[in-house]
Amino acid sequence: MIDYNGRRFTTGGVPSTERHPIALYRQDGDLLWGEFSGGHARRGTLTGLCAPDGTLDFAYTMVLDNGAVVSGHCRSTPELLPDGRVLLHETWERYGAHADSGVSLLEEIDPKTFAQNHQTTESRT
């Protein structure tokens with residue numbers, strides 16, 4: 001089983017003028033949870049399960065930058081990259097007034113790169 005605890009993920013395709021969304025995953029046994037923000041998501045959370053093969057099945061909620069409250073379901077299939085990071089192939093569905101569905105990719109952020117960028121950001125403030 002892949003241990004997702006403490007791993008951070010992001011999406012591509014975000015204009016350079018916007019903050020990339022970043023998700024921080026937590027895990028205890030097969031229980032998975034996390035939080036994310038950035039891009040068009042002001043804040044979001046997820047809760048679900050991790051299968052022995054690393055596949056994730058979770059529900060999510062988020063508040064978008066336009067004030068919309070969105071909820072849905074996602075199934076993520078992992079791909080291990082040559083450098084040891086994880087690429088998640090997501091199939092998601094939103095419910096209710098903002099119903100939609102699609103596929104996306106989340107790529108794990110290299111912990112060293114994240115630490116360097118986070119330190120640089122803190123030194124500017």
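First, the ground rules. The model is predicted, so local features need pLDDT of at least 70 and side-chain atom pairs count only at pLDDT 80 or more, while totals for chains, interfaces and linings use all residues. Residues are numbered from 1 along each chain as its sequence is written, and side-chain values use heavy atoms, with hydrogens and water left out.

Start with the layout. The chain has 1 helix and 8 strands. Both kinds of element are DSSP runs, numbered from the N terminus: helices are H or I with at least four residues, strands are E with at least two. From the N terminus, the order is β-β-β-β-β-β-β-β-α.

How do the strands pair? They form a closed barrel of 8 strands, running 1-2-3-4-5-6-7-8, with antiparallel pairing. From one strand to the next, the twist averages 30°. For that angle, axes are lines fitted to C-alpha atoms, for helices over the stretch in contact, and angles run from 0 to 180 degrees between N-to-C directions. To count as paired, two strands need at least two DSSP bridges between them. As background, strands of a sheet pair through backbone hydrogen bonds, either parallel or antiparallel.

Take one pairing. Strand 2 and strand 3 (residues 31-38) are antiparallel over 7 bridges. Find arginine 26: its bridge partner in strand 3 is tryptophan 33.

Stay in strand 3 and look at glycine 38. Is glycine 38 buried or exposed? Glycine 38 is buried, at 3% relative accessible area. The cut-offs are under 20% for buried, over 50% for exposed, and partly exposed in between, using a 1.4 Å probe and protein chains only. Leaving out residues up to four places away in sequence, glycine 38 touches Arg19, His20 and Pro21. Contact here means heavy atoms within 4.5 Å. Glycine 38 and histidine 20 are 18 residues apart in sequence, yet their C-alpha atoms are 5.3 Å apart.

Two figures for the whole chain. Of its 125 residues, 34% are buried. Among contacts with a separation of 6 or more, 27% join residues 24 or more positions apart.

Now the core. A nonpolar core is a set of buried Ala, Val, Leu, Ile, Met, Phe, Trp, Tyr and Cys residues joined through side-chain atoms within 4.5 Å. The largest one has 22 residues, and Tyr4, Tyr25, Leu56, Phe58, Tyr60 and Leu88 have the most contacts inside it. Which strand gives the most to this core? That is strand 5, with 5 residues. Leucine 56 shows how the parts meet. Setting aside neighbours within four places in sequence, its contacts include Tyr4, Tyr25, Leu32, Leu49 and Leu88. In general, nonpolar side chains tend to be buried together in soluble globular proteins.

Next, the rings. There are 3 aromatic pairs. The rule takes rings of Phe, Tyr and Trp (its six-membered ring) with centres within 6.5 Å; planes under 30 degrees apart are stacked, over 60 edge-to-face, and the rest tilted. Tyrosine 4 and phenylalanine 9 have ring centres 6.3 Å apart and planes at 45°, so the pair is tilted. Both tyrosine 4 and phenylalanine 9 are buried. Tyrosine 4 and tyrosine 25 are also tilted, because their planes sit at 45°, with centres 6.2 Å apart. Tyrosine 4 lies in the segment before strand 1 (8-10) and tyrosine 25 in strand 2 (residues 22-28), so this pair ties together parts 21 residues apart in sequence. Together, Tyr4, Phe9 and Tyr25 form a cluster linked by ring pairs.

Last, the charges. A salt bridge is a side-chain nitrogen of Lys or Arg within 4 Å of a carboxyl oxygen of Asp or Glu. The structure has 4 of them. Arginine 43 pairs with glutamate 35, with the closest N and O atoms 3.3 Å apart. Glutamate 35 is partly exposed, at 38%.

Which residues form a network of salt bridges? They are Asp83, Arg85 and Glu107. Arginine 85 meets aspartate 83 at 2.7 Å, N to O. Arginine 85 is buried, at 16%, and aspartate 83 is exposed, at 51%. Glutamate 107 meets arginine 85 at 2.8 Å, N to O. Glutamate 107 lies in strand 8 (residues 100-108) and arginine 85 in the loop between strand 6 (69-80) and strand 7 (86-94), so the pair ties together parts that are 22 residues apart in sequence. Glutamate 107 is partly exposed, at 35%.
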